[in-house]
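The report below walks through one protein model, from a single contact between side chains to the chain as a whole. Please keep the sequence and the picture at hand while reading.

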Amino acid sequence: QVQLVESGGGSVQPGGSLRLSCAASGSIFRINTMAWYRQAPGKQRELVATIISGSSTNYADSVKGRFTISRDNAKNTVYLQMNSLKPEDTAVYYCNAESITTDWDRVVNWGRGTQVTVSS
């Protein structure tokens, strides 16, 4: 099937930057939509940003102008550049991908998450 592995999380001071990466591997024919979600303690998981195969992007209002999602289709990798980070951005960030496998199945997969902590 398809596996997603995130990297790039960590701790940063308010106003700082981090770049998350998520690499997909496995029986991939094509990845359609890739996305980043986040879940803060005691809160529901929320959509942060999406990017479809044609590079069209969408963002949550709370991150517009600060976060940028991009993808490298040749590497089956999606990135999230996070600038001007705020304490309220603290959460576990999850990668999500909707793919077509080599068996022509449509699958949706999640990564295990990477912690982002913004604190002074």
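Over the ring of which residue does the charged end of Arg45 sit? The charged end of Arg45 sits over the ring of Tyr94, 3.7 Å from its centre, where "over" requires NZ of Lys or CZ of Arg to be within 6 Å of the ring centre and within 35 degrees of the ring normal. A further contact of this kind is listed with it in the table.

| Charged residue | Ring | Distance to ring centre |
|---|---|---|
| Arg45 | Tyr94 | 3.7 Å |
| Arg19 | Tyr79 | 4.1 Å |

This is a predicted model, in which local features need pLDDT of at least 70 and side-chain atom pairs count only at pLDDT 80 or more, while totals for chains, interfaces and linings use all residues. Residues are numbered from 1 along each chain as its sequence is written, and side-chain values use heavy atoms, with hydrogens and water left out.

**Strands and sheet**

Strands of a sheet pair through backbone hydrogen bonds, either parallel or antiparallel, and here two strands are called paired if DSSP finds at least two bridges between them.

An open sheet is formed by 4 strands in the order β1-β3-β8-β7, with antiparallel pairing. Strands β1 (2-7) and β7 (67-72) stand at its edges with a single partner strand each, so one side of each is left without a neighbour in the sheet. From one strand to the next, the twist averages 15 degrees, an angle between N-to-C directions that can run from 0 to 180 degrees, with axes fitted as lines to C-alpha atoms. Within this sheet, β1 and β3 (residues 18-26) are joined by 6 bridges, and Leu4 stands opposite Ala24 in β3.

Elsewhere, β4 (residues 28-39) pairs with β5 (residues 46-51) in the antiparallel sense over 5 bridges, with Trp36 opposite Ala49 in β5. These two strands form a hairpin with 6 residues between them, and Gly42 in the turn has a positive phi of about 75 degrees. Strand β5 is also joined by 3 bridges to the antiparallel strand β6 (residues 57-59), where Thr57 is the bridge partner of Ile51.

The whole structure contains 1 disulfide, meaning a pair of cysteine sulfur atoms within 2.5 Å. It joins Cys22 and Cys95, whose sulfur atoms are 2.1 Å apart. Cys22 lies in strand β3 and Cys95 in strand β9, so the pair ties together parts that are 73 residues apart in sequence. The torsion about their S-S bond is about -85 degrees, so the disulfide is left-handed. Both Cys22 and Cys95 are buried, which stands for under 20% relative accessible area, with exposed over 50% and partly exposed in between (1.4 Å probe, protein chains only).

There are also 2 aromatic pairs, counted where ring centres of Phe, Tyr or Trp (its six-membered ring) lie within 6.5 Å, with planes under 30 degrees apart called stacked, over 60 edge-to-face and the rest tilted. One of them is the tilted pair of Phe29 and Trp104, at 4.7 Å centre to centre and 50 degrees between the planes. Phe29 is partly exposed at 45% relative accessibility, and Trp104 is exposed at 61%.

**The whole chain**

Of the 120 residues in the protein chain, 42% are buried. Its C-alpha atoms fill a box of roughly 50 × 25 × 20 Å along the principal axes.
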